[in-house]
Structures are given as C-alpha cells and as structure tokens.
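Good morning, and thank you for coming.

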Amino acid sequence: MKFVIPKGRLMDESIQFLKRAGIGIVIDDSRKLIFREGNNEIILPRARDVPVYTEYAGDIGICGSDTFAESQIALFTPLSLNFGKCRLSLIAPKRYSISDFADLRIATKHPNITRKYFWTLGMDPDIITLNGSLELAPETGIADAIVDIVQTGETMRKNNLIEVKKIMDISAIMVINRVSQKIKYDEINNFIEKAGELNGNGRICKKYIE
Ligand code: PRP
C-alpha cells in the first residue's frame, strides 16, 4: 500500500503510528521523499499537499483535519487520530467583537475554512492568503487579524496577539483514496481496523459501506 505522510510537525508521530500499525519502513535522515519496502511505500510531501497526493498517488494518508477541510478534496476519513491536536482560531492584536470583522481584512493559510466560517455568520470579510509566518500580517498592517493554528499559544503571545474566537478543533486524521478503498477493500479495512484499535476511541466509523 502507498502511505502519504506529511513532512513537518506531524511527521514523527505519523511514522510512529504507522510503525505500531505494522508498517515499519525505515525513514532515514536523507533528503529522499519516497521510501519503499516490500509492497509498501511511504511518500513524504509537504503537509498541505497530503490530500492531493492521497487522491492521485496514494492509498492512505495522514494529515491535519484543517488541511483536509481546506483542500476540498473528496477522501474518506475513517479515523480521527490521537495526535496533532491544536485549534484554528481568529487572532488579532486587540479584542474585536465578531461583528467588527465584516469590515476588517483577515490573513490566513486557510482561506476556504475562513470564508465558510464567516459566511455562516452572514459576513464576507476581505481575506488574503499567505503561506506562513502569519503573525507578520497585523504587525506590518497588511491585515487587521489572522486565522491561524494555535497549539501552545506561544507564537501568539510572543507577537502580542489575542485569541478572539476558536473556529475549529484540529487533530491528525486518516484519509483514504476513494478508488483504493474499493479496489483494496480488505487490505484497507484491515488496516483501518488495526489502526482504530491502536487509536483507542478515535474511531469515526469501522468500515466503509459504499
Ligand atoms: C504554526 C502557526 C503558528 C504556530 C502556532 O506555524 O501558523 O505560527 O505554528 O504554534 P504555537 O501556538 O505552539 O506557538 P508553523 O510552525 O506551522 O509555521 P508557519 O507559520 O511557517 O506555517
């Protein structure tokens, strides 16, 4: 099977998780991005590319639930995993009330989630998309606020920013290619079952019905 694991902050825990589930491919410190052993393969793209690699080149991926939601790619999501816990929040230099945001500009790496969140509140604020270091946006004045990941809260505090509102809880999730799920039905369901047992109560559903 082909596994898609994000480089970056979820990588080590994802590899450990696969190892516990019986996929013990050794990932060395080289700059290689694909590792193969027997019939298994691990692909290591950038975190935000995991959904698209799972859709076009993989069978099973691990990514943040925010990355999956932002991607708008149709994958099966059978398991919520017990790591990568953080939240996506609306953050600003001062304590705005939500209604103020109709007239403010927001910078984010998550434009789709942000737009949907404000649409559900009947607002359509100006949203600009950045690729990282979002804390710079209010400081430089290119945006009034940001929608960003908060894990420890350290980055926010160091940059004199306040969490105005949590938008969603995030955790790592398992994502499955929908075609693979059909043609490798037993293999994939067995893996999900095993992974689900390792993961305690993180199970979303046991087996795909389609
Ligand atoms: C994320 C996020 C914040 C930081 C939050 O950035 O965008 O900057 O982590 O973590 P904390 O609450 O534990 O301080 P990341 O490290 O992924 O880098 P990036 O800004 O370059 O995307």
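Let me begin with a term. In sorting residues, Asp, Glu, Lys and Arg count as charged, Ala, Val, Leu, Ile, Met, Phe, Trp, Tyr, Cys and Pro count as nonpolar, and the others, Gly among them, count as polar. Please also keep in mind that this is a predicted model.

With that term in hand, we may turn to the shell around the ligand. The ligand is surrounded by 13 residues, and the closest are Lys109, Glu135, Asp148, Thr152 and Thr155. How do the residues of this shell divide? There are 6 polar, 5 charged and 2 nonpolar residues.

Next, the contacts. Lys109 has a polar side-chain atom 2.4 Å from an oxygen atom of the ligand. For Asp148, an N or O atom of the side chain is 2.7 Å from an oxygen atom of the ligand. With Gln151 the polar atom belongs to the backbone, and it lies 2.8 Å from an oxygen atom of the ligand. On its own, the ligand has 490 Å² of accessible area, of which the protein covers 72%.

Which elements give two or more residues to the shell? They are strand E9, residues 145-150, and helix H6, residues 154-158. The largest share, 3 residues, comes from E9.

The ligand takes up space in the largest pocket, which holds about 990 Å³. This pocket is lined by 41 residues, and the closest to its centre are Arg9, Asp66, Lys109, His110 and Ile149. Strands E4, E6 and E9 and helices H3 and H6 each give two or more residues to the lining. By type, the lining has 15 nonpolar, 14 polar and 12 charged residues.

Thank you for your attention.

How values were computed
Residues numbered from 1 in each chain as written. Predicted model: local features only at pLDDT ≥ 70, side-chain atom pairs only at ≥ 80, totals over all residues. Heavy atoms only, no water. Near = heavy atom within 4 Å. Polar contact = N/O pair within 3.5 Å; in protein donor to acceptor, adjacent residues only side chain to side chain. Areas by Shrake-Rupley, 256 points an atom, 1.4 Å probe, with all protein chains shown as cover. 1 Å grid on protein atoms, 1.4 Å probe; cavity = no way out; pocket = protein on both sides within 12 Å on 5 of 7 lines; lining within 4 Å. Sits in = over half its atoms within 2 Å of the grid points. Helix = DSSP H or I, 4+ residues; strand = E, 2+ residues; numbered from the N terminus. Points joined across faces, edges and corners; volume = space filled by probe spheres on them.
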